[in-house]
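Please keep the structure in view while reading.

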Amino acid sequence: MVAVTLGPMTHHTDTNPGAGVDWDAESVTFDDEPDHGLRDPVVREAWAARMAAWLPRQASDVLDVGCGTGSLSLLASERGHRVTGVDASRRMVELARAKLAGRDAVFLLGDAAAPPVGEERFDVLICRHVLWALPEPGRVLRHWRGLLRPGGRLVLVEGRWGTLSPVGLPAERLAALVEPLVAGLTVEPLSGDARLWGREVDDERYAVVATA
Ligand SMILES: C[S@@+](CC[C@H](N)C(=O)[O-])C[C@H]1O[C@@H](n2cnc3c(N)ncnc32)[C@H](O)[C@@H]1O
(Lines give C-alpha, C1' and ligand atoms only; values in the text may rest on other atoms or scores of the structure.)
Protein backbone atom coordinates (compact mmCIF):
# COMPACT_ATOMS: atom_id res chain seq x y z
CA MET A 1 0.00 0.00 0.00
CA VAL A 2 1.41 3.39 -1.01
CA ALA A 3 0.71 6.54 0.97
CA VAL A 4 0.09 9.68 -1.08
CA THR A 5 -0.54 13.19 0.14
CA LEU A 6 -3.91 14.62 -0.84
CA GLY A 7 -4.05 18.21 0.29
CA PRO A 8 -4.09 18.09 4.07
CA MET A 9 -4.58 14.38 4.50
CA THR A 10 -2.76 11.16 3.90
CA HIS A 11 -4.67 8.68 1.79
CA HIS A 12 -3.71 5.17 0.86
CA THR A 13 -3.86 3.80 -2.63
CA ASP A 14 -5.47 0.40 -3.03
CA THR A 15 -8.78 -0.63 -4.59
CA ASN A 16 -10.55 1.80 -2.24
CA PRO A 17 -8.16 4.73 -1.78
CA GLY A 18 -10.08 6.32 1.07
CA ALA A 19 -10.48 3.12 3.05
CA GLY A 20 -7.25 3.45 5.02
CA VAL A 21 -7.99 6.90 6.43
CA ASP A 22 -8.82 7.19 10.12
CA TRP A 23 -11.48 9.90 9.80
CA ASP A 24 -12.07 10.05 13.55
CA ALA A 25 -8.41 11.04 13.94
CA GLU A 26 -8.54 13.41 10.93
CA SER A 27 -11.56 15.16 12.43
CA VAL A 28 -9.40 16.87 15.07
CA THR A 29 -7.61 19.08 12.53
CA PHE A 30 -9.98 18.73 9.57
CA ASP A 31 -11.37 22.26 9.80
CA ASP A 32 -7.88 23.81 9.84
CA GLU A 33 -7.78 23.58 6.04
CA PRO A 34 -9.28 26.71 4.45
CA ASP A 35 -11.79 24.85 2.26
CA HIS A 36 -12.80 22.52 5.10
CA GLY A 37 -13.45 24.84 8.04
CA LEU A 38 -14.34 27.88 5.86
CA ARG A 39 -12.94 30.11 8.62
CA ASP A 40 -11.46 32.66 6.21
CA PRO A 41 -14.34 34.96 5.20
CA VAL A 42 -13.13 35.09 1.60
CA VAL A 43 -13.11 31.29 1.30
CA ARG A 44 -16.42 31.02 3.11
CA GLU A 45 -18.05 33.57 0.79
CA ALA A 46 -16.70 31.77 -2.27
CA TRP A 47 -18.33 28.49 -1.17
CA ALA A 48 -21.51 30.30 -0.04
CA ALA A 49 -21.86 31.81 -3.52
CA ARG A 50 -21.42 28.40 -5.19
CA MET A 51 -23.96 26.82 -2.83
CA ALA A 52 -26.42 29.63 -3.58
CA ALA A 53 -26.10 28.80 -7.28
CA TRP A 54 -26.27 25.02 -6.82
CA LEU A 55 -29.18 24.80 -4.37
CA PRO A 56 -32.83 25.66 -5.10
CA ARG A 57 -34.09 29.12 -4.12
CA GLN A 58 -36.96 27.69 -2.06
CA ALA A 59 -36.39 25.90 1.25
CA SER A 60 -35.59 22.28 0.36
CA ASP A 61 -34.54 18.96 1.85
CA VAL A 62 -30.80 18.51 1.40
CA LEU A 63 -28.87 15.29 2.02
CA ASP A 64 -25.12 15.85 2.61
CA VAL A 65 -23.38 12.48 2.23
CA GLY A 66 -19.96 12.14 3.80
CA CYS A 67 -20.74 15.45 5.49
CA GLY A 68 -17.58 15.56 7.60
CA THR A 69 -17.72 18.42 10.13
CA GLY A 70 -20.78 19.85 8.38
CA SER A 71 -19.28 22.94 6.75
CA LEU A 72 -21.37 22.66 3.56
CA SER A 73 -24.36 21.53 5.62
CA LEU A 74 -24.09 24.81 7.53
CA LEU A 75 -24.03 26.87 4.34
CA ALA A 76 -27.14 25.02 3.16
CA SER A 77 -28.86 25.56 6.51
CA GLU A 78 -28.00 29.26 6.44
CA ARG A 79 -29.94 29.47 3.16
CA GLY A 80 -33.02 28.04 4.88
CA HIS A 81 -32.70 24.43 3.77
CA ARG A 82 -33.46 21.44 5.97
CA VAL A 83 -30.34 19.29 6.20
CA THR A 84 -29.68 15.62 6.79
CA GLY A 85 -25.99 14.73 7.04
CA VAL A 86 -24.51 11.24 6.95
CA ASP A 87 -20.97 10.26 7.81
CA ALA A 88 -19.23 7.02 8.80
CA SER A 89 -17.03 8.75 11.39
CA ARG A 90 -18.57 9.16 14.83
CA ARG A 91 -16.28 12.12 15.62
CA MET A 92 -17.19 13.87 12.35
CA VAL A 93 -20.89 13.41 13.13
CA GLU A 94 -20.38 14.87 16.62
CA LEU A 95 -18.58 17.90 15.19
CA ALA A 96 -21.29 18.43 12.57
CA ARG A 97 -24.01 18.22 15.24
CA ALA A 98 -22.16 20.85 17.29
CA LYS A 99 -21.61 23.10 14.26
CA LEU A 100 -25.33 23.07 13.40
CA ALA A 101 -26.70 22.96 16.94
CA GLY A 102 -30.15 24.58 17.15
CA ARG A 103 -30.73 24.37 13.39
CA ASP A 104 -33.16 22.27 11.37
CA ALA A 105 -30.53 19.61 10.76
CA VAL A 106 -29.92 15.99 11.71
CA PHE A 107 -26.69 14.03 11.42
CA LEU A 108 -26.63 10.27 11.15
CA LEU A 109 -23.82 7.78 11.51
CA GLY A 110 -23.84 5.65 8.38
CA ASP A 111 -22.44 4.65 5.03
CA ALA A 112 -22.44 7.33 2.34
CA ALA A 113 -22.97 4.60 -0.25
CA ALA A 114 -26.25 3.56 1.42
CA PRO A 115 -27.41 6.46 3.61
CA PRO A 116 -29.68 5.27 6.48
CA VAL A 117 -32.62 7.50 5.51
CA GLY A 118 -35.31 4.86 5.01
CA GLU A 119 -38.09 5.99 2.68
CA GLU A 120 -37.21 9.69 3.00
CA ARG A 121 -36.55 11.47 -0.30
CA PHE A 122 -34.61 14.68 -0.95
CA ASP A 123 -34.58 17.67 -3.27
CA VAL A 124 -30.79 17.79 -3.33
CA LEU A 125 -28.02 15.31 -2.61
CA ILE A 126 -24.70 17.04 -2.11
CA CYS A 127 -21.38 15.25 -1.79
CA ARG A 128 -17.96 16.88 -1.62
CA HIS A 129 -14.69 14.93 -1.83
CA VAL A 130 -16.15 11.53 -0.90
CA LEU A 131 -17.48 9.74 -4.00
CA TRP A 132 -14.03 9.41 -5.57
CA ALA A 133 -12.93 7.10 -2.74
CA LEU A 134 -16.04 4.89 -2.60
CA PRO A 135 -15.96 1.49 -4.28
CA GLU A 136 -18.22 1.17 -7.34
CA PRO A 137 -19.12 4.85 -7.82
CA GLY A 138 -21.52 3.96 -10.64
CA ARG A 139 -23.58 1.74 -8.33
CA VAL A 140 -23.48 4.40 -5.59
CA LEU A 141 -24.71 7.07 -8.01
CA ARG A 142 -27.66 4.90 -9.07
CA HIS A 143 -28.60 4.49 -5.41
CA TRP A 144 -28.26 8.24 -4.77
CA ARG A 145 -30.39 9.00 -7.82
CA GLY A 146 -33.13 6.88 -6.24
CA LEU A 147 -33.06 9.04 -3.09
CA LEU A 148 -34.11 12.14 -5.05
CA ARG A 149 -37.61 13.48 -5.54
CA PRO A 150 -38.66 14.09 -9.15
CA GLY A 151 -36.67 17.06 -10.46
CA GLY A 152 -34.15 16.74 -7.63
CA ARG A 153 -30.47 17.54 -7.98
CA LEU A 154 -27.13 15.86 -7.51
CA VAL A 155 -24.34 18.28 -6.54
CA LEU A 156 -21.06 16.40 -6.71
CA VAL A 157 -17.87 18.29 -5.86
CA GLU A 158 -14.87 16.19 -6.80
CA GLY A 159 -11.41 16.38 -8.26
CA ARG A 160 -8.24 14.66 -9.28
CA TRP A 161 -5.66 15.92 -6.84
CA GLY A 162 -1.91 16.11 -7.15
CA THR A 163 0.29 16.18 -10.20
CA LEU A 164 2.95 13.44 -9.81
CA SER A 165 0.60 10.63 -8.72
CA PRO A 166 -2.86 12.12 -8.95
CA VAL A 167 -5.75 10.48 -7.13
CA GLY A 168 -9.44 11.14 -7.57
CA LEU A 169 -12.08 11.06 -10.25
CA PRO A 170 -11.65 13.03 -13.50
CA ALA A 171 -14.65 15.19 -14.40
CA GLU A 172 -15.06 13.40 -17.71
CA ARG A 173 -15.42 10.03 -15.97
CA LEU A 174 -17.86 11.29 -13.35
CA ALA A 175 -19.97 13.05 -15.98
CA ALA A 176 -20.12 9.83 -18.00
CA LEU A 177 -21.33 7.91 -14.93
CA VAL A 178 -23.99 10.51 -14.05
CA GLU A 179 -25.25 11.33 -17.54
CA PRO A 180 -27.39 8.18 -18.12
CA LEU A 181 -29.13 8.70 -14.76
CA VAL A 182 -30.36 12.27 -15.17
CA ALA A 183 -32.19 14.67 -17.48
CA GLY A 184 -29.26 17.05 -17.70
CA LEU A 185 -25.98 18.03 -16.11
CA THR A 186 -23.32 20.70 -16.10
CA VAL A 187 -19.65 20.37 -15.23
CA GLU A 188 -18.36 23.45 -13.43
CA PRO A 189 -14.57 23.85 -13.26
CA LEU A 190 -13.44 25.01 -9.82
CA SER A 191 -9.64 24.99 -10.13
CA GLY A 192 -9.46 28.54 -11.44
CA ASP A 193 -11.13 30.09 -8.40
CA ALA A 194 -8.34 30.35 -5.80
CA ARG A 195 -10.79 31.83 -3.29
CA LEU A 196 -12.41 28.39 -2.92
CA TRP A 197 -9.16 26.78 -1.81
CA GLY A 198 -7.39 29.63 -0.07
CA ARG A 199 -4.57 29.36 -2.62
CA GLU A 200 -3.86 28.83 -6.29
CA VAL A 201 -4.25 25.20 -7.38
CA ASP A 202 -3.21 23.56 -10.64
CA ASP A 203 -4.91 20.18 -10.40
CA GLU A 204 -8.43 19.26 -11.54
CA ARG A 205 -11.28 20.39 -9.29
CA TYR A 206 -14.89 20.67 -10.38
CA ALA A 207 -18.55 20.24 -9.57
CA VAL A 208 -21.03 18.12 -11.49
CA VAL A 209 -24.52 19.52 -10.99
CA ALA A 210 -27.24 17.25 -12.37
CA THR A 211 -31.04 17.47 -12.49
CA ALA A 212 -32.96 14.22 -12.25
C1 LIG B 1 -12.55 14.63 2.63
S2 LIG B 1 -13.77 14.49 3.90
C3 LIG B 1 -15.07 15.52 3.20
C4 LIG B 1 -16.03 16.04 4.24
C5 LIG B 1 -17.10 16.98 3.71
N6 LIG B 1 -17.84 16.37 2.62
C7 LIG B 1 -16.48 18.26 3.26
O8 LIG B 1 -16.38 18.48 2.04
O9 LIG B 1 -16.08 19.07 4.11
C10 LIG B 1 -14.41 12.85 3.66
C11 LIG B 1 -15.54 12.50 4.63
O12 LIG B 1 -16.19 11.35 4.15
C13 LIG B 1 -16.41 10.46 5.22
N14 LIG B 1 -16.48 9.12 4.64
C15 LIG B 1 -15.52 8.44 3.98
N16 LIG B 1 -15.99 7.26 3.55
C17 LIG B 1 -17.29 7.20 3.95
C18 LIG B 1 -18.31 6.24 3.81
N19 LIG B 1 -18.14 5.08 3.15
N20 LIG B 1 -19.52 6.51 4.35
C21 LIG B 1 -19.74 7.67 5.03
N22 LIG B 1 -18.80 8.62 5.18
C23 LIG B 1 -17.60 8.38 4.66
C24 LIG B 1 -15.27 10.68 6.16
O25 LIG B 1 -15.58 10.25 7.47
C26 LIG B 1 -15.07 12.18 6.04
O27 LIG B 1 -15.85 12.86 6.97
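This is a predicted model: local features need pLDDT of at least 70, side-chain atom pairs count only at pLDDT 80 or more; totals for chains, interfaces and linings use all residues.

A residue is called buried if 20 or more other C-beta atoms lie within 10 Å of its own, exposed if 12 or fewer do, and partly exposed in between.

Helix H5, residues 90–99, has Met92, Val93, Leu95, Ala96 and Lys99 as its buried residues. These cover an arc of only 165 degrees around the axis and therefore sit on the same side of H5. On the other side of H5, Arg90 and Ala98 are exposed. The cover over the buried residues of H5 includes helix H1 (23–26), helix H4, strand E4 (82–87) and strand E5 (105–109).

Helix H4, which takes part in that cover, spans residues 71–78, and because seven of its eight residues are buried, it is largely enclosed by the rest of the structure. The buried residues of H4 are Ser71, Leu72, Ser73, Leu74, Leu75, Ala76 and Ser77. Just after H4, glycine 80 adopts a positive phi of about 95 degrees.

Positive phi values also occur away from glycine. Most residues other than glycine have a negative phi. Leucine 38, although not a glycine, has a positive phi of about 55 degrees, and glutamate 136, likewise not a glycine, has one of about 50 degrees. Leucine 38 is found in the loop between helix H2 (34–37) and helix H3 (41–54), whereas glutamate 136 lies in the loop between strand E6 (122–128) and helix H6 (137–146).

| Residue | C-beta neighbours within 10 Å | Class |
|---|---|---|
| Leucine 38 | 23 | buried |
| Glutamate 136 | 11 | exposed |
| Alanine 176 | 11 | exposed |

Which residues have the most contacts inside the largest nonpolar core? They are Leu125, Leu156 and Val208, in a core of 53 residues. Leaving aside its neighbours within four places in sequence, leucine 156 is in contact with Cys127, Leu131, Leu174, Ala207 and Val208.

Turning to the ligand, 19 residues surround it, and the closest are Trp23, Gly66, Gly68, Ala88 and Arg128. By class, this shell consists of nine nonpolar, seven polar and three charged residues.

The UniProt record, an unreviewed entry, carries the annotation "domain: Methyltransferase type" for residues 63–156. In the model, the C-alpha atoms at the ends of residues 63–156 lie 12 Å apart, and the span is 30% helix and 32% strand.

Proline 166 lies in the loop between strand E7 (148–161) and strand E8 (167–168), and its contacts, leaving aside neighbours within four places in sequence, are Arg160, Trp161 and Asp203. The C-alpha atoms of proline 166 and alanine 52, which are 114 residues apart along the chain, are separated by 30 Å. Alanine 176 lies in helix H7, residues 171–178, and is 85 residues from arginine 91 in sequence and 34 Å from it in space, C-alpha to C-alpha.

Notes
Residues are numbered from 1 along each chain as its sequence is written. A residue is near a molecule or strand if its C-beta atom, placed from the backbone, lies within 6 Å of it. Ala, Val, Leu, Ile, Met, Phe, Trp, Tyr, Cys and Pro count as nonpolar, Asp, Glu, Lys and Arg as charged, and the others, Gly among them, as polar. Helices (H or I, at least four residues) and strands (E, at least two) are DSSP runs, numbered from the N terminus. A nonpolar core is a set of buried Ala, Val, Leu, Ile, Met, Phe, Trp, Tyr and Cys residues joined through C-beta atoms within 7 Å. Two residues are in contact if their C-beta atoms, placed from the backbone, lie within 7 Å. UniProt positions are given in the numbering used here, feature names are shortened, and annotations may be inferred rather than shown by experiment. The arc is that of the directions from the helix axis to the C-beta atoms.
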